[in-house]
Amino acid sequence: MTTKAASLADDLVLQFERRIEAGEMPPGSRFPTEKSITDSARVSRTVVREAFARLAARGLLESRRGSGAYVPESARYQAFQVTPQEMGERSDVLKLLEMRMALESEMADLAARRRTDADIAEMRLWNERMRDSTDIGAAITADMAFHRAIASATRNEYYLRFMDFLGVRLVPSRRLYLRDRADSEHRAYARGIYRDHDAIFTAIANGDHAKARRAARRHMQKSLERHRYLDEEIAEDSIVPQDSDTTA
């Protein structure tokens, strides 16, 4: 559960991030003092210190002993990132899946052009483990490893790093999708993912980059639709029915 202090710290972090990105606080700029922020934002020093700690963790703030906090020179080169706090809503997962659709398609295309025999063997291994999985944890591990093997086959380490980045953020949503479902549903889910993976794998193994791209896009489209369905299902369950004598 998000506390009020954490929420206030989130607001401060977002405020400073936007000012830095907009150039209002360029590298070398000094952050306002804790006291000035507590007075202007009407928050406690604890909130300010929490916000500063998060900004420092993101490489957007550096403390100088006896001088204060500053925007570091490296802030202008900050890489794209999505923090765990930003993945707290199902809508955020959907947005990330929409972006991933394009990345996975291109990744499969490159993998089909550049894969080695070792890459093909790695993809086959994890796809078969996905097919044979008997629990959620094993299925998720095999699923992530299969996509990671495709990323590795691109011979572009940035794809591999990005898949590692995505994996830890999408696991909770996959667990949510599979949670409280019967074993038969889990097995059906695993078989469906296996068939999608097999289509991608076969195209990559055959060096058919256009087919690999199409298969990867279909796979991600299905994932997006599953999560949209889950979003609607949870929303419906959260509606509290009114008593019949109070309805119009």
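Met220 touches Leu97, Arg100, Met101 and Glu104, not counting residues up to four places away in sequence, where contact means heavy atoms within 4.5 Å. This residue of the predicted model is found in helix H9, which spans residues 209-237; helices (H or I, at least four residues) and strands (E, at least two) are DSSP runs, numbered from the N terminus. Met220 counts as buried, at 2% relative accessibility; buried means under 20% relative accessible area, exposed over 50%, and partly exposed in between (1.4 Å probe, protein chains only). Met220 and Ser105 are 115 residues apart in sequence, yet their C-alpha atoms are 8.6 Å apart in space.

The model is predicted, so that local features need pLDDT of at least 70 and side-chain atom pairs count only at pLDDT 80 or more, while totals for chains, interfaces and linings use all residues. Residues are numbered from 1 along each chain as its sequence is written, and side-chain values use heavy atoms, with hydrogens and water left out.

The chain as a whole contains nine helices and two strands. Read along the sequence, these elements follow the pattern α-α-α-β-β-α-α-α-α-α-α. The chain has 248 residues, of which 39% count as buried. Its accessible surface comes to about 14,600 Å², and 49% of this area belongs to carbon and sulfur atoms; accessible areas come from the Shrake-Rupley method with a 1.4 Å probe, and for residues only the protein chains shown count as cover. Among contacts between residues at least 6 apart in sequence, 71% join residues at least 24 apart.

Two packed helices are described by the angle between their axes and the distance between the axes. Helix H5 (residues 117-132) packs with helix H6 (residues 136-153) at an angle of about 165°, and their axes are 8 Å apart. H5 is therefore roughly antiparallel to H6; angles under 35 degrees count as roughly parallel, over 145 as roughly antiparallel, 65 to 115 as roughly perpendicular and the rest as oblique. Axes are lines fitted to C-alpha atoms, for helices over the stretch in contact, and angles run from 0 to 180 degrees between N-to-C directions. The crossing of H5 and H6 is left-handed; a crossing is left-handed if the near helix is turned anticlockwise from the far one by less than a right angle, and right-handed if clockwise.

On the H5 side, the residues that meet H6 are Asp119, Glu122, Met123, Trp126, Asn127, Arg129 and Met130. Their partners in H6 include Ala139, Ala142, Ala145, Phe146, Ala149 and Ile150. By class, the contact of H5 with H6 has 10 nonpolar, three polar and four charged residues; Ala, Val, Leu, Ile, Met, Phe, Trp, Tyr, Cys and Pro count as nonpolar, Asp, Glu, Lys and Arg as charged, and the others, Gly among them, as polar. Ala145, which lies in helix H6, is buried with a relative accessible area of 16%. Ala145 and Met123 are 22 residues apart in sequence and 8.1 Å apart in space, C-alpha to C-alpha.

The loop between H6 and helix H7 (157-178) holds Thr154. Thr154 is buried, its relative accessible area being 0%. Residues up to four places away in sequence aside, Thr154 touches Met107, Leu110, Ala111, Arg114 and Tyr159. Arg155 also lies in the loop between H6 and H7, but Arg155 counts as partly exposed, at 43% relative accessibility. Phi of Arg155 is near 65°, a positive value in a residue other than glycine.

Helix H2 (residues 34-41) and helix H3 (residues 45-57) pack at an angle of about 115°, with their axes 9 Å apart. The crossing of H2 and H3 is right-handed. Glu34, Lys35, Ile37 and Thr38 of H2 make the contact with Arg45, Val48, Arg49 and Phe52 of H3. This contact has three nonpolar, one polar and four charged residues by class.

Arg42 lies in the loop between H2 and H3 and counts as exposed, at 74% relative accessibility. Its phi is near 55°, a positive value in a residue other than glycine. Beyond H3, Arg58 is placed in the loop between H3 and strand S1 (62-64). Arg58 counts as buried, at 12% relative accessibility. The C-alpha atoms of Arg58 and Ala75 are separated by 8.9 Å, the two residues being 17 residues apart along the chain.
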